[in-house]
Amino acid sequence: MAEVILKVENMKKYYELSRGLLSFKKPDVVKAVDGISFELHEGEIIGLVGETGCGKTTTGRVVVRLEMPTGGNVMFKGKDITKLEGDELREFRKSVQMIFQDPYESLNPRFTIFKTLTEPLIVNGIGETYEERVDLAIKALEEAGLKPGEEYIGRYPHELSGGQRQRVAIARALIINPKFIVADEPVSMLDVSIRSGVLNLMLDLKEKYNLPIIFITHDIAVARYMSDKILVMYLGKVVEEGPTESIIFDPLHPYTRALLSAVPVPDPERKHERIPIKGDIPSPINLPPGCRFASRCVYFQKGVCDVKDPELREIKKGHFVACHFVEKILSGELKPTGEVKAQA
Amino acid sequence: MVLLSVQDLTIHYKVASGWVRAVENVSIDVDSKETLGLVGESGSGKTTLAYAITQLLPKNAYVKGGKIIYQGKDLLKLSMKDDGTLDIFNEEIRKIRWKDISMIFQAALNAFNPVYKVGDQIIEAIMAHKDIEYEDARKEVERLYEFVGIPKDRIDNYPHEYSGGMKQRAMIAMALALSPRLVLADEPTTALDVITQDRILLEIQNLQKETGISMILITHDVSVVAEVSNKVAVMYAGKIVEKGSTVEVFKHYAHPYTEGLMASFPTIVGEKRRLASIPGSPPDLVNPPKGCRFHPRCPYAKDICMEQEPPLIEISPGHFTACHFARELYGGK
């Protein structure tokens with residue numbers, strides 16, 4: 001088994017909503033991430049998938065220590081990153097890079113590409129001389145598919161297209177040789193014809209450097225394309241986790257099944273079968289006890305689902321599901337209830 | 001029956017560096033009760049085309065030619081000023097806009113005025129066009145809310161109290177408020193989560209079955225088009241490069257751009273294959289490439305493509321493609 005780079009154990013991140021200075025009530029709490037665990041191995045891409053507010057971005061921010069977790073452990077190569085200070089923290093920051101969603105926001109418009117790329121070198125003390133840094137910057141650009149690198153190095157972000165900017169962001173992430181990367185919706189702002197090029201680039205880099213990536217996306221088709229393993233999140237919890245193809249072709253949790261059945265497919269002759277789901281995502285503030293999906297689940301069982309939070313259980317090899325009744329749902333013993341609206 | 005026919009429409013924007021050739025010689029037909037999917041990337045001219053049909057173009061847009069015929073009437077004749085700009089306040093157009101042709105805007109999240117209640121904004125739209133009492137207009141809104149699936153007690157909420165999906169539904173309700181014949185939906189589901197998107201697309205299809213309205217669905221997402229439209233037009237750099245019935249175009253595309261677009265979409269069905277990508281990026285429309293506008297990115301480009309603009313030819317009945325090598329490409333090979 002490949003080396004474990006990152007180990008997240010029961011990680012939690014809560015946000016307290018301020019209620020004003022003179023309020024004596026207990027503050028409202030948003031449990032953005034509520035106890036998630038996973039391991040990221042050498043050369044592996046994990047897809048974190050979920051809808052708005054499921055906690056996927058927060059998870060990404062905590063594992064690079066842009067935020068401190070409220071509880072649990074985040075171990076990088078055996079060390080708890082929440083306890084790092086000074087030199088050790090600096091060393092950690094060098095080991096991890098993030099690629100953000102919006103390449104129009106994540107590059108400083110007043111920096112040339114050269115400055116954008118060499119800043120992290122200077123900060124981290126890589127590259128002795130100016131010439132050395134120029135070489136590294138050009139190499140990184142070419143690595144990211146911007147060839148010849150010399151041509152791009154003097155430009156400003158506004159002179160580049162969206163896809164090129166995202167490639168610069170990737171070059172900036174790669175230039176300090178990180179041990180893992182967190183990519184938060186890296187292609188969702190890009191045009192379709194550009195998107196696949198950036199995805200392929202990331203896959204190639206992963207192959208070449210055995211570089212682990214946490215790939216955060218709302219787009220399951222993209223997650224399928226990129227990841228070795230998928231974690232489906234819902235309101236701060238992982239509801240299902242498993243090898244990519246197993247999740248895509250054999251989803252087990254009622255939420256994952258509904259989610260997958262809602263994905264449009266570029267085939268006009270396909271008959272679209274929908275798996276029902278009730279209502280909208282509830283407000284994440286002060287969630288009721290029990291399963292978080294209970295309010296939308298068509299298999300909801302009173303007395304169980306609204307009382308006990310389901311644990312992740314291994315149903316198939318490497319495929320975990322957090323649902324009390326998954327076996328009964330799959331065997332057909334439990335039938336969906338509630339309104340199921342007509343199809344088009 | 002043809003409800004709307006856009007013929008050889010050309011629209012340019014005046015900018016500091018010259019003219020942006022946003023839409024050139026575009027022709028589309030929309031029959032009653034059908035949905036036309038208009039696919040293209042940002043800057044392909046799809047939104048400009050929609051705004052031209054609803055006559056809501058910005059001030060620096062100039063119509064350089066063509067017709068927009070709605071139920072036998074050329075809308076451009078009504079509103080076009082001598083210099084080519086459109087008079088957005090034209091009385092006749094205002095009667096048609098929203099009442100006959102309405103629009104679901106892209107950013108529904110911002111399309112409502114934050115300081116007025118959502119219901120009141122829809123009521124206002126109804127009362128502006130119909131001779132109707134407030135109470136009756138409100139009943140109308142209740143009916144619309146039920147139709148798009150928002151609880152009635154939400155009528156008196158402000159936009160910030162709505163979720164994204166609800167705002168989009170309210171936007172649909174507003175577009176339908178005056179029972180239009182044609183609705184233009186500009187990326188109606190792009191900002192939404194997939195489950196909400198799926199519901200809204202289903203809503204739109206049900207709506208069409210019930211009311212028989214026509215739609216133009218503008219999107220960058222070919223899978224959304226496959227899901228809801230029966231006809232499709234693919235735009236690239238201000239031109240239509242391919243159009244026809246959705247099934248025909250998806251199965252037998254004959255334009256390299258369409259081919260590239262299809263091959264670059266990841267999907268959750270079938271075997272996983274490496275995605276193709278189209279090299280380069282869309283051209284600057286102030287100085288579009290000579291000849292075929294796609295030639296700098298086209299894997300099949302030959303000399304003729306750099307010189308001559310390919311005409312839109314009918315490759316099979318009702319299926320048009322603008323490529324010099326369409327016959328060789330036909331059938332997706």
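Here are a few worked exercises on the predicted two-chain structure above.

This is a predicted model, where local features need pLDDT of at least 70, side-chain atom pairs count only at pLDDT 80 or more, and totals for chains, interfaces and linings use all residues. Residues are numbered from 1 along each chain as its sequence is written, chains are lettered from A and ligands numbered from 1 in written order, and side-chain values use heavy atoms, leaving out hydrogens and water.

**Exercise 1. Find the partner of R292(A) and say which parts of the chain the pair links.**

Step 1: Start with the criterion: a salt bridge is a side-chain nitrogen of Lys or Arg within 4 Å of a carboxyl oxygen of Asp or Glu. Over all chains, the structure holds 32 of them.

Step 2: R292(A) pairs up with D34(A), with the closest N and O atoms 2.5 Å apart.

Step 3: Now place the two ends. R292(A) sits in the loop between helix 10 (254-261) and strand 11 (313-316) of chain A, while D34(A) is in strand 2 (residues 28-41) of chain A, so the pair links distant parts of the chain, 258 residues apart. Helices (H or I, at least four residues) and strands (E, at least two) are DSSP runs, numbered from the N terminus.

Step 4: Check burial, where buried means under 20% relative accessible area, exposed over 50%, and partly exposed in between (1.4 Å probe, protein chains only). R292(A) comes out buried at 11%, and D34(A) is buried too, at 9%.

**Exercise 2. Track down a salt bridge that crosses between chains, and one within chain B.**

Step 1: R274(B) and D204(A) meet through their side chains at 3.1 Å, N to O. This pair crosses between chains, from the loop between helix 11 (256-263) and helix 12 (303-307) of chain B to helix 7 (residues 192-209) of chain A. D204(A) is partly exposed, at 38% relative accessibility.

Step 2: Within chain B, E24(B) bridges to R293(B), the closest N and O atoms being 2.5 Å apart. E24(B) lies in strand 2 (residues 18-31) and R293(B) in the loop between helix 11 and helix 12 of chain B, so the pair ties together parts 269 residues apart in sequence. Both residues are buried.

Step 3: For a network, look at R270(A), R274(A), D198(B) and E227(B), which are joined by salt bridges that share partners.

**Exercise 3. Describe how helix 3 of chain A packs against helix 4 of chain A.**

Step 1: Two packed helices are described by the angle between their axes and the distance between the axes.

Step 2: The axes of helix 3 (residues 113-123) and helix 4 (residues 130-143) of chain A come within 10 Å and cross at roughly 115 degrees. Axes here are lines fitted to C-alpha atoms, for helices over the stretch in contact, with angles running from 0 to 180 degrees between N-to-C directions.

Step 3: That makes the two helices roughly perpendicular (under 35 degrees is roughly parallel, over 145 roughly antiparallel, 65 to 115 roughly perpendicular, the rest oblique).

**Exercise 4. Where does G72(B) lie, and is G72(B) buried or exposed?**

Step 1: G72(B) is in the loop between strand 4 (61-70) and strand 5 (73-74) of chain B.

Step 2: With a relative accessible area of 71%, G72(B) is exposed.

Step 3: G72(B) and K59(B) are 13 residues apart in sequence and 26 Å apart in space, C-alpha to C-alpha.
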